[in-house]
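Here is a short briefing to read alongside the structure. Please have the sequence and the model open as you go.

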2 protein chains.
Amino acid sequence: MGEKQKGRASILFKEPPVITAAASVVGKKEGEGPLGTCFDQVEMDSMLGKKTWEEAESELQTRAARMALKKSGLKKEDIRYYFGGDLLAQLIATSFGAMNLEFPLFGIYGACSTMGEAMGLGAMTVEGGFADHVMVAASSHFASAEKQFRFPLEYGNQRPYSATWTVTGCGNVILSKGSAAGKEAGTWKKDGGPLAKIAGITTGKIVDMNQKDSMNMGAAMAMAALDTILANFRDLGVDGTWYDKIITGDLGQVGKRLLLDYLLAAGHDIRERYMDCGIEIFDEETQDTHAGGSGCGCSASVLCGYVLPNIKAGKWKRVLFLPTGALLSTVSFNEGRSIPGIAHGVILEGI
Amino acid sequence: MGEKQKGRASILFKEPPVITAAASVVGKKEGEGPLGTCFDQVEMDSMLGKKTWEEAESELQTRAARMALKKSGLKKEDIRYYFGGDLLAQLIATSFGAMNLEFPLFGIYGACSTMGEAMGLGAMTVEGGFADHVMVAASSHFASAEKQFRFPLEYGNQRPYSATWTVTGCGNVILSKGSAAGKEAGTWKKDGGPLAKIAGITTGKIVDMNQKDSMNMGAAMAMAALDTILANFRDLGVDGTWYDKIITGDLGQVGKRLLLDYLLAAGHDIRERYMDCGIEIFDEETQDTHAGGSGCGCSASVLCGYVLPNIKAGKWKRVLFLPTGALLSTVSFNEGRSIPGIAHGVILEGI
């Protein structure tokens with residue numbers, strides 16, 4: 001087994017890639033939430049000037065990419081690959097969003113875990129010497145997701161308290177070589193250096209709890225989050241105290257309770273250092289979002305707008321960032337299949 | 001720029017990963033085609049004993065994975081990651097197909113280019129030292145694809161001559177470290193050593209020809225194939241004669257004509273060394289498949305059943321394998337958007 005490989009599913013990089021820049025673009029509701037001022041750009045028009053919700057979501061990806069590039073001080077030609085994904089069938093938000101960028105593209109699907117999956121692949125690509133800089137992004141849009149997975153918006157369907165609210169947003173990070181070569185290339189210069197480094201990853205496997213309620217995705221994902229967290233602890237020989245913060249993607253209130261209970265039962269009390277992006281992004285009381293936010297864009301935008309700045313500021317030294325995905329599809333769901341979950345961990349450290 | 005990086009979009013590996021084993025499982029119609037005897041397993045029941053077409057497609061992935069594992073002589077625990085994808089919304093064939101395998105999973109979406117994309121990512125993962133062995137697979141199923149993208153089968157819709165026939169099939173390859181470490185681990189022993197090595201990759205970008213006819217996917221993909229082939233030639237400083245064979249995924253008769261014409265116009269005559277998996281897999285005259293086969297499973301199963309054995313036998317020394325994808329989605333299509341294309345190149349060489 002290679003020296004970078006740890007246990008069954010984890011990697012610790014010899015020369016951790018750094019996050020050179022990050023950009024977040026979100027919708028109006030997200031801008032009105034508790035993290036509203038953290039995001040780079042709040043779009044007041046949910047259509048972003050486009051004709052359809054799907055095009056609007058693509059535009060989120062395009063705008064976030066342009067902003068990350070600008071912040072990084074890099075040129076478009078410096079970006080070798082784009083790792084992107086979204087929730088929609090056949091990744092249309094990514095296809096059309098990445099088209100104008102003209103980067104060689106790796107399309108990624110991991111439901112709401114996409115940002116974790118894509119960062120893992122992007123980090124391996126950089127550390128393996130296959131690229132000096134790559135761009136990684138994930139997006140979601142409330143209206144395109146409701147149309148794809150649930151009811152027409154006009155129907156005004158009632159939502160149970162376990163339901164989450166799909167975030168309209170996109171997070172985009174540029175990953176760069178962490179070595180001196182990166183410094184020479186000038187990527188450490190802008191804005192006082194990179195935001196964080198990617199120390200390692202833990203890749204999740206599919207976990208099926210035989211959960212069949214599409215209005216309770218938190219429950220579908222909680223066991224997958226547990227599985228990846230325990231794999232991470234086991235592979236690296238650590239426990240929760242190794243991290244200043246363990247941050248799941250979008251378990252919401254229901255999934256959070258399940259995860260913390262499962263972990264307690266397994267002998268791990270991470271309550272003090274736990275956070276869920278979906279719970280942080282909306283105000284449960286005033287924004288009527290029930291269990292919290294969800295969607296690929298939830299963890300991706302909170303990462304870029306809130307998590308990375310806190311690492312950069314030195315508040316958190318080591319974070320386990322764990323986007324969680326519920327592999328929901330209307331086709332399999334309508335055929336009576338369950339909603340399996342998956343979660344991909346990314347170990348972020350201060351520079 | 002790192003020494004493995006060539007030009008804008010290509011990589012040449014320092015220590016090329018090898019393909020330790022390959023397995024193909026296809027449907028009855030594919031078994032009756034010109035390559036029928038090449039495939040490892042022909043399933044006479046299009047449902048594979050399952051209740052739905054989607055479950056049947058998942059079963060193709062599960063069976064191909066088990067067969068590749070068996071052929072490789074490796075244990076399940078030796079496989080570090082599974083890179084898989086399919087055509088269906090939210091990759092349900094892969095999610096449910098990979099579930100029983102319990103490998104850490106990277107879900108990949110590149111339409112019918114998925115096998116090329118996934119092999120590229122898998123090869124980088126192995127060569128970068130992040131895994132000793134990974135499994136890479138892509139599948140499609142005629143009936144699940146028709147249901148997702150076109151008309152209910154019962155409707156008996158007529159098909160224009162430019163239409164392709166989605167292949168029911170899955171191809172699965174195991175990629176292993178090419179170094180002495182791989183030899184020591186015993187991966188070179190079984191069946192007289194690996195089938196081929198992956199010398200490099202060229203990653204495609206999205207190319208939009210503003211093509212809006214979902215019954216003519218070949219035209220949608222031809223320019224993407226051209227773009228990646230020219231990028232490959234340019235990045236590596238070669239021309240068509242560097243390859244014994246240039247093999248596209250599923251351009252079919254219409255796309256083939258367009259690609260060869262475009263290439264001739266660009267000064268490259270590759271007609272003598274050109275092949276398209278979609279054209280080879282069915283007999284146009286007797287099987288009523290019109291322009292040819294398509295789907296992620298088309299290039300993947302032809303790779304495993306036909307291309308790799310020919311490389312192993314020494315007939316072809318160097319092959320550019322280029323799965324081609326048409327990023328069709330009913331949502332964007334019904335909104336009047338075009339069908340963009342993408343193609344990912346994999347350079348295969350004899351050992």
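Contact here means that heavy atoms lie within 4.5 Å. Keep in mind that this is a predicted model.

**The nonpolar core**
- Leu348(B) is among the residues with the most contacts inside the largest nonpolar core, along with Met119(A), Val173(A), Leu348(A), Met119(B) and Val173(B).
- This core has 230 residues, and its largest share, ten residues, comes from helix H11 (residues 296–312) of chain A.
- In soluble globular proteins, nonpolar side chains tend to be buried together.

**Chain A as a whole**
- Chain A has twelve helices and 17 strands.
- Its radius of gyration is 18 Å, close to the 20 Å that the globule rule gives for 351 residues, so chain A is as compact as a globular protein of that length.
- The C-alpha trace of chain A spans about 55 × 50 × 35 Å along its principal axes.
- Of the 351 residues in chain A, 68% count as buried.
- Taking contacts in chain A between residues at least 6 apart in sequence, 77% join residues at least 24 apart.

**An enclosed helix**
- Why is helix H5 (residues 142–149) of chain A described as largely enclosed by the rest of the structure? Seven of its eight residues are buried, so the helix is largely enclosed.
- The buried residues of H5(A) are Phe142(A), Ala143(A), Ser144(A), Ala145(A), Glu146(A), Gln148(A) and Phe149(A).
- In chain A, these buried residues pack against helix H2 (53–72), strand E7 (133–140), strand E8 (165–166) and helix H12 (330–334).
- They also pack against helix H12 (330–334) of chain B.

**Glu127(A)**
- Glu127(A) belongs to helix H4 (residues 114–127) of chain A.
- Is Glu127(A) buried or exposed? Its relative accessible area is 10%, under the 20% cut-off, so Glu127(A) is buried.
- Beyond its neighbours within four places in sequence, Glu127(A) touches Lys4(A), Phe13(A), Lys14(A), Glu15(A) and Pro17(A), as well as Phe130(B) from chain B.

**The largest pocket**
- The largest pocket holds about 340 Å³ of space.
- It is lined by 16 residues, and the closest to its centre are Lys4(A), Lys4(B), Glu127(B), Gly128(B) and Gly129(B).
- The lining has eleven charged, five polar and no nonpolar residues.

Definitions and conventions. Residues numbered from 1 in each chain as written. Chains lettered and ligands numbered in written order. Predicted model: local features only at pLDDT ≥ 70, side-chain atom pairs only at ≥ 80, totals over all residues. Heavy atoms only, no water. Helix = DSSP H or I, 4+ residues; strand = E, 2+ residues; numbered from the N terminus. Buried < 20%, exposed > 50% of the residue type's maximum accessible area, 1.4 Å probe, protein only. 1 Å grid on protein atoms, 1.4 Å probe; cavity = no way out; pocket = protein on both sides within 12 Å on 5 of 7 lines; lining within 4 Å. Points joined across faces, edges and corners; volume = space filled by probe spheres on them. Nonpolar A, V, L, I, M, F, W, Y, C, P; charged D, E, K, R; others polar. Core = buried A, V, L, I, M, F, W, Y, C linked by side-chain atoms within 4.5 Å. Rg over C-alpha atoms; globule rule 2.2 N^0.38 Å.
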